[in-house]
Amino acid sequence: MPYQRIKFYQTGSLAVGNRLLAEDQRSVQSTAGRSNALTCGHRACQGCGEALGARYALDAVHRATQGQMIAVNATGCLEVFSTPFPETSWQIAWLHSLFGNAPAVASGVAAALKAMGRTDIRVVGQGGDGGTVDIGMACLSGMFERNDDVLYICYDNQAYMNTGVQRSGATPPAARTATTQAVGREPGNRFGQGKNVPLIAMAHEIGYVATATVADLRDLEYKATRAMDFHGARYLHILVPCPLGWGSAPADTIKVARLATESGLFPVFEAETGAVTSSTPIRHRVPVTDYLRIQARYAHLFRPRERTEVIARIQAAADRNIARFGLMPADISAERTGLPAPVPVTSPAGLGLEGR
Amino acid sequence: MLKQVEGSRAVAEAVAMCRPQVICAYPITPQTHIVEALSAMVKDETLNAEFLNVESEFAAMSVAIGASAAGARAYTATASQGLLYMSEAVWNAAGLGLPIVMTVANRAIGAPINIWNDHSDAMSQRDAGWLQLYAETNQEALDLHVQAFRIAEELSVPVMVCMDGFLLTHASERVDVPAQTQVDAFLPRYEPRQVLDPAEPVSIGAMVGPEAFTEVRYLAYQRMRQALDVIGATAAGFAGQFGRPSGGLVRPYRTGDAEIVVAALGSVLGTVKDTVDELRADGHKIGVLGINTYRPFPADAVREALGGARHVVVLERALAPGSGGIVTADIRAALDPQARRISTVIAGLGGRAVTRKSLRGLLAQAGELPPLTFLDLDTGLVDRELARMRAARRSGPSPENMLRDLGITASRIG
């Protein structure tokens with residue numbers, strides 16, 4: 001990654017280690033002049049991944065645009081916890097319209113700015129996974145297809161958390177939600193085909209698509225910043241653990257996100273014009289059980305008996321991701337893991353994954 | 001300048017002269033030629049605006065919401081299913097107080113699917129918080145758009161200009177198209193009351209709980225009350241500047257000594273007036289009340305215009321199943337029901353022509369009208385389908401049965 005001159009883990013910790021960096025390489029959050037786009041006082045739960053991800057992403061966009069930005073928010077946790085009026089945590093120009101239309105509203109803002117000759121002001125649309133992969137999908141695809149000048153950010157916590165943890169199209173297999181309860185012969189969410197919005201975004205061949213997590217906040221800042229180098233439609237998909245819905249400890253939000261990437265379940269990559277341009281290698285590969293065990297939404301996979309066949313299917317999905325996105329380059333996979341190197345699979349035609 | 005043009009073209013030219021900055025539209029379910037003409041004007045740069053072809057009416061209204069909130073003058077058009085598909089965003093635009101102008105080319109709502117004219121679409125959104133202005137002619141449709149932007153922006157409320165699908169949108173009539181300088185003089189530059197501006201950031205669309213929701217809604221009610229004055233003043237100003245009356249709240253016709261008054265909205269008023277002229281010639285004391293503004297409902301103006309009429313016949317172009325006439329309910333609420341008789345006539349649904357002959361037959365015998373009548377109802381057709389339904393549980397889909405019964409495969413309007 002272009003910003004990284006120092007490997008932070010060499011400091012002996014996973015801290016961002018800003019003091020080791022030159023001023024111009026320090027993170028947005030370490031600067032006194034950070035915008036605090038989403039400032040303190042909001043009502044997110046303890047350990048909320050979405051609040052963390054949104055602040056880092058928007059502050060990075062704010063810096064990249066010298067503050068010339070407008071945000072459009074879908075209905076959801078982020079909208080509700082930030083603005084029970086008259087309190088608002090938004091220090092930026094911010095509009096909430098509906099659940100399913102944030103990408104189209106953002107397109108409208110961008111069109112207005114263009115019509116008024118204010119293309120110096122950039123537009124961010126944002127929502128949770130429900131507002132993005134389910135009810136907002138048509139508007140999102142329309143915005144992509146027209147290549148409107150909008151960065152859309154999806155904060156993916158893998159269910160409808162705001163309304164009490166119901167299943168969304170982004171809920172992973174076997175996960176317990178209020179509508180896929182841990183009862184019956186096959187407890188938890190069914191194994192479907194999934195709905196991988198980053199790949200769907202890439203299929204539109206928009207300029208920039210990236211995934212990130214709150215486990216690597218410098219990578220998140222970099223991608224939000226990088227997205228602003230492009231004009232036209234862009235998509236950033238950020239995995240944001242939800243302690244309430246996932247049944248993980250609030251103190252473990254970063255850890256859970258890191259295990260999602262290090263198990264291979266959540267591939268971190270970036271793509272330009274439909275082709276993957278980089279993926280973040282897994283540093284310490286872990287079996288998916290490390291990730292699953294610390295979340296109560298998967299408790300039924302381990303008690304009263306370990307459902308090895310279900311876990312094996314989840315592990316197979318992680319292995320496919322690792323092979324598909326090149327998350328374990330050959331030179332490090334043998335050295336770092338006791339697990340066998342995944343067999344590379346051929347990318348489906350047309351997804352442009354061959355160019356990685 | 002006088003022109004012989006299609007209604008949609010006339011409206012497109014009027015909208016273009018209002019200098020919208022963002023225009024968005026979805027083509028089907030269904031659209032009119034209005035946005036097609038506007039798209040060409042943007043493409044050949046005779047109109048300096050952004051034109052967005054979106055993937056649904058829901059997106060069309062959403063784009064208009066974003067554009068308006070960012071400070072641009074925003075316009076879209078729709079009809080029928082399209083209006084219902086965007087309904088959530090229609091209500092949202094009103095709640096946010098965004099002065100969007102939208103043409104609704106009134107058409108029926110399915111099922112059964114039907115592309116023809118009635119008022120079911122706009123009536124379904126009557127409580128969305130939008131102003132609803134109904135055009136009687138293509139000239140009025142053109143004029144109402146020029147007025148609509150001014151009214152919307154003065155009040156920060158969205159305005160729906162309703163014009164009958166096909167009967168107006170696809171009909172070529174003579175219209176007087178104003179000069180750009182006239183429109184510029186009438187319609188000031190848009191100064192938003194609230195705007196997304198990084199220099200002065202605000203949060204728009206925040207959650208409001210029980211502590212203030214009623215008060216926010218009360219403001220919407222008050223703005224609608226205020227709109228009654230603004231609509232009247234705008235129509236008066238328009239008449240002064242353009243030299244012709246257009247719009248306003250209500251338009252009475254030969255109501256002076258009328259004992260019976262027919263109230264209606266939209267292009268059917270022309271036929272009603274012709275019929276009333278015939279009945280007047282025969283000695284009937286009958287008049288017409290055109291309701292130009294349906295939302296806000298001009299209760300005082302309606303009451304005043306009805307004068308001493310003892311019988312009001314409300315000609316409805318839509319039906320509220322389980323209730324009856326939609327406009328009737330508003331008129332009844334505006335009057336003392338003890339003092340006047342009110343009859344509802346459901347007419348012209350799904351494009352059925354409202355003819356002078358039928359109206360004349362009905363109104364000549366107005367004294368015998370029951371509370372609710374369906375004009376030109378084919379009772380034989382209905383009775384035969386009811387008999388089929390009684391005869392067999394699985395009698396099949398009624399619309400298809402009735403068409404088979406009629407033995408026709410193509411639409412017959414008259």
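Q: Before I use this, what is the mean pLDDT of chain A, and what share of its residues reach 70 or more?
A: This is a predicted model, and in it chain A has a mean pLDDT of 90, with 87% of its residues at 70 or more.

Q: Where in chain A is the pLDDT below 50?
A: That is the case over residues 344–356 of chain A, a stretch that has 21 contacts in the model beyond its near neighbours in sequence. Where pLDDT is low, the predicted coordinates should not be read in detail.

Q: And what is chain A made of, in helices and strands?
A: Chain A has 12 helices and eight strands, and of its 356 residues 54% are buried. If you take the contacts in chain A between residues at least 6 apart in sequence, 67% of them join residues at least 24 apart.

Q: Which strands of the two chains are joined by bridges?
A: Strand β2 (residues 93–96) of chain A and β9(B) are joined by two bridges and run parallel. Within that pairing, A:L95 stands opposite B:I204 of β9(B).

Q: Switching to chain B itself, what is the strand order in the seven-stranded sheet?
A: The order is β3-β2-β4-β5-β7-β6-β13 (chain B), in an open sheet with mixed pairing. At its edges stand β3 and β13 (293–295) of chain B, and each has a single partner strand, so one side of each is left without a neighbour in the sheet. On average, and ignoring direction, neighbouring strands of this sheet are turned by 20° against each other.

Q: How many bridges join β2 of chain B to β3(B)?
A: Four bridges join β2 (residues 22–25) of chain B to β3(B), and the two strands run parallel; in this pair B:I23 stands opposite B:F51 of β3(B).

Q: Which helices go with that sheet?
A: One of them is α2 (residues 33–43) of chain B, which lies across β2, β3, β4 (74–78) and β5 (101–106) of chain B and runs at about 135° to β2(B). Helix α7 (residues 138–155) of chain B also packs on the sheet, where it touches β5, β6 (131–134) and β7 (159–164) of chain B, and its direction makes about 170° with that of β7(B).

Q: What about the sheet of six strands, what order does that have?
A: Its order is β10-β12-β11-β14-β15-β16 (chain B), and this open sheet has mixed pairing as well. The strands at its edges are β10 (250–253) and β16 (372–374) of chain B, each of which pairs on one side only.

Q: Why call β14(B) largely enclosed?
A: Five of the six residues of β14(B) are buried, so the strand is largely enclosed by the rest of the structure. It is joined to β11(B) by four bridges, running parallel, with B:A263 opposite B:V314 of β14(B). Six bridges join β14(B) to β15(B), again running parallel, and there B:V313 stands opposite B:S343 of β15(B).

Q: Last topic, which residues of helix α13 of chain B are buried?
A: In α13 (residues 356–364) of chain B the buried residues are B:L359, B:L362 and B:L363. They cover an arc of only 90° around the axis, which puts them on the same side of α13(B).

Q: And what do those buried residues pack against?
A: The buried residues of α13(B) pack against β11 (260–264), α10 (268–281), β12 (286–291), β14 (311–316) and β15 (341–346) of chain B.

Technical notes
Residues numbered from 1 in each chain as written. Chains lettered and ligands numbered in written order. Predicted model: local features only at pLDDT ≥ 70, side-chain atom pairs only at ≥ 80, totals over all residues. Pairing = 2+ DSSP bridges. pLDDT = per-residue confidence, 0-100. Contact = placed C-beta atoms within 7 Å. Buried ≥ 20, exposed ≤ 12 C-beta atoms within 10 Å, placed from the backbone. Arc of directions from axis to C-beta. Axes fitted to C-alpha atoms, helices over the stretch in contact; angles between N-to-C directions.
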